[in-house]
Amino acid sequence: MREKILNYIETNSRIDIHDLAIMMGTDETTIMNELEEMEQSHIICGYHTLINWEKAGIEKVTAMIEVRVTPQRGMGFDKVAERIYNYPEVNSVYLISGGFDFMVTLEGRTLREVSEFVSDKLSPLDSVLSTKTNFILKKYKDHGTIMAEQRKDERELVSL
């Protein structure tokens with residue numbers, strides 16, 4: 001039951017408890033207790049709203065920064081990741097495989113704001129060896145949601 005609840009709320013965190021209980025074939029109290037338990041045990045870490053800032057007419061720059069670091073003795077990558085994710089500008093930090101160690105995502109109002117974060121805060125950290133900044137030019141799909149305008153089929157129906 002837990003996995004089904006998680007799958008439902010992952011795609012629609014605003015689903016009504018009553019509707020979820022009906023879909024799960026149980027009562028609302030059971031669903032609410034299960035959700036509360038998963039929140040307390042940090043299985044559910046938060047509820048977020050996905051916003052298309054471009055449609056809202058608000059300029060934002062999103063950057064994905066690959067970071068190569070020297071892990072700290074006895075702490076591995078965890079301590080370095082903690083220093084990075086504690087910056088309020090940072091949206092996410094992932095340990096990744098490949099030529100870099102971390103993928104850091106952040107948003108800023110301008111390219112300059114993002115580049116200043118990289119040059120003034122991220123790069124000077126003792127354990128950071130190098131960075132590679134990639135800017136998001138356009139979002140087509142984010143968190144499973146299609147962000148791009150769906151093309152309408154303009155062909156005409158023909159019947160014989």
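**Note on the strands, ring contacts and pockets of a predicted model**

1. Strands β1 (61–69) and β4 (residues 128–135) pair in the antiparallel sense over seven bridges; two strands pair if DSSP finds at least two bridges between them. Within this pairing Arg68 stands opposite Ser130 in β4. Strands (E, at least two residues) and helices (H or I, at least four) are DSSP runs, numbered from the N terminus.

2. This is a predicted model, in which local features need pLDDT of at least 70 and side-chain atom pairs count only at pLDDT 80 or more, while totals for chains, interfaces and linings use all residues. Residues are numbered from 1 along each chain as its sequence is written, and side-chain values use heavy atoms, with hydrogens and water left out.

3. β1 also runs antiparallel to β3, and seven bridges join these two strands. Here Glu66 stands opposite Met103 in β3. Seven of the nine residues of β1 are buried, which leaves the strand mostly covered. Buried means under 20% relative accessible area, exposed over 50%, and partly exposed in between (1.4 Å probe, protein chains only).

4. The count of aromatic pairs is two. Rings of Phe, Tyr and Trp (its six-membered ring) pair if their centres lie within 6.5 Å; planes under 30 degrees apart count as stacked, over 60 as edge-to-face and the rest as tilted. Phe77 and Phe102 have ring centres 5.8 Å apart and planes at 85°, so this pair is edge-to-face. Phe77 is in the loop between β1 and α5 (78–85) and Phe102 is in strand β3, so the contact ties together parts 25 residues apart in sequence. Phe77 is partly exposed at 25% relative accessibility, whereas Phe102 is buried at 2%.

5. For Tyr87 and Phe117 the ring centres are 5.4 Å apart and the planes are at 90°, so this pair is edge-to-face. Tyr87 belongs to the loop between α5 and β2 and Phe117 to helix α6 (residues 111–122), so parts 30 residues apart in sequence are tied together. Phe117 is buried, with a relative accessible area of 4%.

6. Two charges over rings deserve a mention. The charged end of Lys60 sits over the ring of Trp53, 4.4 Å from its centre. The charged end of Arg68 sits over the ring of Phe100, 4.4 Å from its centre. The rule asks for NZ of Lys or CZ of Arg within 6 Å of the ring centre and within 35 degrees of the ring normal.

7. The largest pocket has a volume of about 1,400 Å³. A pocket is an open set of points on a 1 Å grid over the protein atoms alone, where a 1.4 Å probe fits, with protein on both sides within 12 Å along at least five of seven lines; lining residues have an atom within 4 Å of a point. Its lining has 33 residues, with His48, Thr49, Leu50, Asp142 and His143 nearest the centre. The largest share of that lining, five residues, comes from α1. By class the lining of the largest pocket has twelve nonpolar, 14 polar and seven charged residues. Ala, Val, Leu, Ile, Met, Phe, Trp, Tyr, Cys and Pro count as nonpolar, Asp, Glu, Lys and Arg as charged, and the others, Gly among them, as polar.

8. The second largest pocket holds about 460 Å³. Of its 19 lining residues, Asn52, Trp53, Glu54, Lys138 and Lys139 are the closest to its centre. Both α4 (53–56) and β1 give two or more residues to this lining.

Key:
Grid points are joined across faces, edges and corners, and a volume is the space filled by probe spheres set on the points.
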